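Please find below a short note on the model under review.

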Amino acid sequence: MAEDSPLDGILPETESDSNCDDAIDWWSILSDKTFLENPYSELRRLQAKGPVHFDRKNGIYFVLGHKAFARVSKSSAMGRDTRNWTGGWNSEDYRQHDPVGYMLFSEFQPQMINSDGEEHKRMRKVYEPAFRAQAMSQLEPLIADQASRLLAAMPDKGEIDFIEAFAAPLPLRVLCELFDIPESLDDTISRWSASLIRIGDILMTPEQKSEAMEALAEFKDFLRQQIKERENNNEDNLMGLAIQAQKNGTLDEEETLTNLVSMLVAGHETTVTLIGNGMLLLLSNPDELARLRSDPGLTRTAIEEFLRMEPGGNMILRVAREDFDVEGVTIPKGAPVIGLIGAINRDPGRFENADVLDIARPANAQFTFGGGAHFCIGAPLARLEAQIAFSRFLEKYPQIELAGEPEWRLDRMNARGLGRLPVKVKAVA
Ligand code: HEM
């Protein structure tokens, strides 16, 4: 076992030798700061060794090939319910090994992303209406209004941190509007989100687990109170859908609260990274920025290309519900599988000139939103926010250039986003 393995000492020994190279220390690689700063050459090196790997130390299967991940992510044999993970977060072995971690993952368990089959469908259905095309077109003016407010507060000329001034506040404001949560709580929600998003890292320190546990308890208390105060308002928003589902018995209280927490966490930083990483890609590829300016109709395909080239999340989890064969490897029932999206989205077997930004790339089958039954429910919202963000920002500033070194956040394994992006801007005279 790796010294700091999340499952150190609790996994059963396995006989599997298929695609297993013990010289690869997966967790050391994935948490290494140089890797987090720029993972792509290392991912390409690992991908060249094969599309599916077994990490014997941790009992985890890593998928790096596009074709393999398309099968893994979409098959009903591969679920997302962590209760099926042998020796994993929700198991008795794990409880004995790490009681705080066990408590955290149990509290975070009852939600759509952690369930399969009918249970998953029941929960997902509650929120689906909020992300349909009609709901999105109703949201458009609200997002545009938030973008305009932020742009109005920026200088016509000078230097700004694109993340702080625009990419970070826009998705948070939009989400809080969707939940009807006042602006005065933005900092609190951001703090809770930052602690909870680390659950996606899979590898967490004991301090991070305790911090996440505290944030989760505070977040749930806050939402419990909100639901109580607003239960008879018949609100036409995400909170309204949740309240209705709890009232009519579709969701129990824990499911209502955990899904709401997750939605607020999942919908925030991910969209910040899409807007931030996309802007850095454009600034690093001035010809593509000029191409987008001369043909704003390419905004939609440009967003898909940003998602492909710089996915905000690095890992997508599955748990085998039954033995599953993929690319000559048998993944046994109960085993966890992690798709490494940075490799999958740049698989040269699927994408021509995979490392080159092409804002008009046709048939862009990127996997940043996952696949199959768990495909990101918020994808239409994230796409719309990004489209509005780029259109409005480029419209206000005909001149944009990098004004210093961008700073990647290197404190997370499963989130690749910028902490700072200094840019020099000049508005229309
Ligand atoms: C660029 C922004 C976003 C990215 C990259 C992203 C990424 C993902 C990924 C990778 C998954 C798991 C898919 C899988 O396992 O196959 C997911 C699921 C989910 N996302 Fe997003 N997401 C984003 C924005 C949002 C937004 C805006 C919301 C809501 C407001 C949201 C809510 C959710 C929920 C609730 C799930 C669970 C869906 C299910 O299990 O059925 N996400 N997202």
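1. The model is predicted, so local features need pLDDT of at least 70 and side-chain atom pairs count only at pLDDT 80 or more, while totals for chains, interfaces and linings use all residues. Residues are numbered from 1 along each chain as its sequence is written, and side-chain values use heavy atoms, with hydrogens and water left out.

2. The protein chain contains 19 helices and 12 strands; helices (H or I, at least four residues) and strands (E, at least two) are DSSP runs numbered from the N terminus. Its radius of gyration, taken over C-alpha atoms, is 21 Å, close to the 22 Å of the globule rule for 429 residues, so the chain is as compact as a globular protein of that length. The rule is 2.2 Å times the number of residues to the power 0.38. Along the principal axes, the C-alpha atoms fill a box of roughly 70 × 55 × 35 Å.

3. The iron atom of the ligand has Cys376 (SG), at 2.3 Å, as its only protein donor. Donors are N, O and S atoms within 2.8 Å of the metal (3.2 Å for Na, K and Ca); water is not among the atoms, so sites may look incomplete. Cys376 lies in the loop between α18 (341–344) and α19 (379–396).

4. Helix α15 (residues 269–284) packs on α19 at an angle of about 40°, with the axes 10 Å apart; axes are lines fitted to C-alpha atoms over the stretch in contact, and angles run from 0 to 180 degrees between N-to-C directions. This makes α15 oblique to α19, given that angles under 35 degrees count as roughly parallel, over 145 as roughly antiparallel, 65 to 115 as roughly perpendicular and the rest as oblique. The residues of this contact (heavy atoms within 4.5 Å) divide into 10 nonpolar, 2 polar and 1 charged. Ala, Val, Leu, Ile, Met, Phe, Trp, Tyr, Cys and Pro count as nonpolar, Asp, Glu, Lys and Arg as charged, and the others, Gly among them, as polar.

5. α15 also packs against helix α17 (residues 299–309), at about 95° with axes 9 Å apart; the two are therefore roughly perpendicular. Leu274, Gly278, Leu281 and Leu282 in α15 meet Ile303, Phe306, Leu307 and Met309 in α17. This contact has 7 nonpolar, 1 polar and no charged residues.

6. The axes of α17 and α19 come within 10 Å and cross at roughly 115°, and these helices are therefore roughly perpendicular to each other. Their contact divides into 4 nonpolar, 3 polar and 3 charged residues.
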